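Here's a quick briefing to read alongside the model. Have the sequence and the 3D view open as you go.

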Amino acid sequence: MALRARDHVPAVAALLSAAALALVFAAVTGSIPTAYVPDPGPAVLSSFTHLNAVISVIAITTIAAGWRAIRNGDVRRHRILMGLSTVLFGTFLVCYLWRLTLVGTAEFPGPEVYYRYVYLPFLAVHILLAIVCIPLVCYALVSALTRPVAAIPETAHRRVGRIAAPLWIVSFAMGVGVYLLLHHVF
């Protein structure tokens, strides 16, 4: 008996989500051995921070445009834009994990009062949204990729997408906010 992803969308989405979140938590806690990660040098590693900010801004745009496309009934454009958004997120994640594994987390350079009452709450909300977004985006992606377009309305793709898209946009936007606080405001 063959197992098909389309028959197990929640399980496949859960597995993908667990894998992605496990990688992030492993990188944050320093559990990924650096011997397994190539070191491109400090210049490239520091450029990842700025590259990820650019990727985030582009992803916000593509997600919003994809959301608008489907609201206007343009399924083809929606699929292209959401596919591009997924590729952007994948690129972001690779660069983020690569840098995080080799360099670690960035320290907040500003005053303690801003760290405690602005940066930490902002970062906490960003992290929470990112954690919530992963399974939603994975579900929407797996349900879309495992069915023909005509069959997607029979799934929860639309309902999940209505929640995932705005949360994904806000998560990316807050990530840009974290970047600005760490590298430009202070």
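This is a predicted model: local features need pLDDT of at least 70, side-chain atom pairs count only at pLDDT 80 or more; totals for chains, interfaces and linings use all residues.

Residues are numbered from 1 along each chain as its sequence is written, and side-chain values use heavy atoms, with hydrogens and water left out.

- Ala-53 sits in helix α2, residues 42–71 (helices are DSSP runs of H or I with at least four residues, numbered from the N terminus).
- With a relative accessible area of 9%, Ala-53 is buried (buried means under 20% relative accessible area, exposed over 50%, partly exposed in between, using a 1.4 Å probe and protein chains only).
- Leaving aside residues up to four places away in sequence, Ala-53 touches Val-176 and Tyr-179 (contact means heavy atoms within 4.5 Å).
- Tyr-179 is 126 residues from Ala-53 along the chain, yet their C-alpha atoms are separated by 6.8 Å.

**Aromatic pairs**

- Searching the whole structure turns up 11 aromatic pairs (rings of Phe, Tyr and Trp, the last by its six-membered ring, pair if their centres lie within 6.5 Å; planes under 30 degrees apart count as stacked, over 60 as edge-to-face and the rest as tilted).
- One of them is Phe-89 with Phe-172: the ring centres are 6.3 Å apart and the planes sit at 80°, so this pair is edge-to-face.
- Phe-89 belongs to helix α3 (residues 75–103) and Phe-172 to helix α5 (residues 157–185), so the pair ties together parts that are 83 residues apart in sequence.
- Phe-172 is buried at 5% relative accessibility.
- Phe-108 and Tyr-115 make a tilted pair, because their planes are at 35°, with ring centres 5.8 Å apart.
- Within that pair, Phe-108 is buried at 13% relative accessibility, whereas Tyr-115 is partly exposed at 30%.
- Ring pairs also link up a cluster of Phe-89, Phe-92, Tyr-96, Trp-168 and Phe-172.

**Cysteines**

- How many disulfides does a search of the whole structure find? The count is zero (a disulfide is a pair of cysteine sulfur atoms within 2.5 Å).
- For Cys-95, the closest cysteine sulfur is in Cys-138, 18 Å away and so too far for a bond.
- Cys-95 is buried, at 7% relative accessibility.
- Cys-133 also has its closest cysteine sulfur in Cys-138, but at 11 Å that is too far for a bond.
- Cys-133 is buried too, with a relative accessible area of 3%.

Technical notes
Helices (H or I, at least four residues) and strands (E, at least two) are DSSP runs, numbered from the N terminus.
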